[in-house]
Amino acid sequence: MDRSTICSWLTERDPARLQALWDWADRVRASGVGDAVHLRGLIEVSNYCVRDCSYCGLRRPRGGLPRYRLSEEEVMQAVRRAVEWGFGTVVLQSGEDPGLEAGWMRSLVTRIKKETSLAITLSLGERRRDELAAWRDSGADRYLLKFETSNRELYRRIHPERADEPGRLSLLAHLRDLGYEVGSGVMVGIPGQTFDDLSRDIELFGELDLDMISVGPFIPHPATPLGHEVLSANGVPGGSEVALAAMALTRIKCPRANIPTTTALSTLDVGAGLERGLNVGANVVMPNLTPPPYRQLYQVYPGKGGNGEDPTTEPRRIIERIRALGRCIGDGRGDAPKSWAPAAAALVAEVRT
């Protein structure tokens, strides 16, 4: 599937043809990664951030937001809930926070690996290469770092760069060299983003041979420079519809990747976002296990903190919703498959124009 075909699908608005795309992606998902939905327990360990990203509610210049870092024991309480619920992975996420020192994180990763059989995904931003190596050596399994857009000019507009900026694509390659399973992703509907930009993003997913791919709608925080930006008439629209098409095309392009139905999608469509994502190619859900006193403070965008769900009971509702779709809950760590199933390759080759 070349860029022009991807772009054609992204601009499709006919409901019947879009349903054909959803069905195609769902068949590729079933053949490529199966019917199991893998649960990853999300733990937001810090809302400090040194970056000035022009859309994120955690950005350094923002005042009025109480900042926090979880203690090791607070993290471990959430980790134990993940074990109790039968999850295979915990995701330790934060703003880009040097206050989460490399040694502290290494000790935490070592403890989780010693006390549980969980896989560990880290999503801690652009960290030094020696830190990334130390965490891998201590047992971290995966690292998620979204490149967000392959358009360098657009990236610079939304991410004021530091003098020591290493480049996210370079870091993704380094993470691969260190032996991590590597995840990345993009936002759909960034002001100034074109359909050709987004088509190139989806092409790049295949070129990078990613193990995990996150595709979600762009939702700026109102207390940021992009909080009230007006989208151009010829740009990629915000909302969930194009994001769903991009997710479906990502599944078709990358049949064996782990793809979550994103929190942003569920934020825009509280009642059905999870199901819509799972129906267009997703096979991962990330229930939030951040302790309630802190969850509302991880304000990347409005609604990110959820509606006060109790992490001791919320996963039950998520599991019920997954099973209502006829899908099963995945066993074990849910590592990314390493080779294509022949049936998945045949489905990807379908011609739909």
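The legends below describe several close-up views of this predicted model. Because the model is predicted, local features need pLDDT of at least 70 and side-chain atom pairs count only at pLDDT 80 or more, whereas totals for chains, interfaces and linings use all residues. Residues are numbered from 1 along each chain as its sequence is written, and side-chain values use heavy atoms, with hydrogens and water left out.

**View 1. The largest nonpolar core and Leu92.**
The largest nonpolar core holds 95 residues, of which Leu10, Leu92 and Leu122 touch the most other members. A nonpolar core is here a set of buried Ala, Val, Leu, Ile, Met, Phe, Trp, Tyr and Cys residues joined through side-chain atoms within 4.5 Å; buried means under 20% relative accessible area, exposed over 50% and partly exposed in between, for a 1.4 Å probe and protein chains only. Helix H9 (residues 241–253) gives this core its largest share, 9 residues; helices (H or I, at least four residues) and strands (E, at least two) are DSSP runs, numbered from the N terminus. When residues up to four places away in sequence are not counted, Leu92 touches Ile43, Val45, Val75, Met105, Leu108, Ile112, Ile120, Thr121, Leu122, Ser123 and Leu124, a contact being heavy atoms within 4.5 Å. In soluble globular proteins, nonpolar side chains tend to be buried together.

**View 2. The salt bridge between Arg3 and Glu203.**
The structure holds 31 salt bridges, each defined as a side-chain nitrogen of Lys or Arg within 4 Å of a carboxyl oxygen of Asp or Glu. In one of them, the side chains of Arg3 and Glu203 meet with an N to O distance of 3.1 Å. This pair links distant parts of the chain, since Arg3 belongs to helix H1 (residues 3–10) and Glu203 to helix H8 (residues 195–208), 200 residues apart. Arg3 counts as partly exposed at 29% relative accessibility, whereas Glu203, at 17%, counts as buried.

Lys113 and Asp141 form a salt bridge in which the closest N and O atoms are 2.8 Å apart. Lys113 lies in helix H4 (residues 102–115) and Asp141 in the loop between helix H5 (129–137) and strand S4 (142–144), so the pair ties together parts that are 28 residues apart in sequence. Lys113 is partly exposed, with a relative accessible area of 25%, while Asp141 is buried at 12%.

**View 3. The salt bridge between Glu148 and Arg168.**
The side chains of Glu148 and Arg168 meet in a salt bridge with an N to O distance of 3.7 Å. Glu148 is in the loop between S4 and helix H6 (152–158) and Arg168 is in helix H7 (residues 168–178), so that the pair links distant parts of the chain, 20 residues apart. Both residues, Glu148 and Arg168, are buried. Elsewhere, salt bridges that share partners join Lys113, Asp141, Arg142, Glu181, Arg333 and Asp335 into one network. Although Glu148 is not a glycine, its phi is positive, at about 70°, and its relative accessible area is 7%.

**View 4. The packing of helices H2 and H9.**
Two packed helices are described by the angle between their axes and the distance between the axes. Helix H2 (residues 15–32) and H9 pack at an angle of about 40°, with their axes 8 Å apart. That makes H2 oblique to H9, as angles under 35 degrees count as roughly parallel, over 145 as roughly antiparallel, 65 to 115 as roughly perpendicular and the rest as oblique. Axes are lines fitted to C-alpha atoms, for helices over the stretch in contact, and angles run from 0 to 180 degrees between N-to-C directions. From H2, the residues Leu21, Trp22, Trp24, Ala25, Val28 and Arg29 meet Glu241, Leu244, Ala245, Ala248, Leu249, Arg251 and Ile252 of H9. Arg29 is buried, with a relative accessible area of 3%, and, leaving aside neighbours within four places in sequence, Arg29 is in contact with Gly34, Asp35, Arg251, Gly281, Ala282 and Arg327.

**View 5. Trp104 in helix H4.**
Trp104 has its place in helix H4 and counts as partly exposed at 26% relative accessibility. Not counting residues up to four places away in sequence, Trp104 touches Leu70, Ser71, Glu72 and Val75. Between Trp104 and Glu72 the C-alpha to C-alpha distance is 8.5 Å, although the two are 32 residues apart in sequence.
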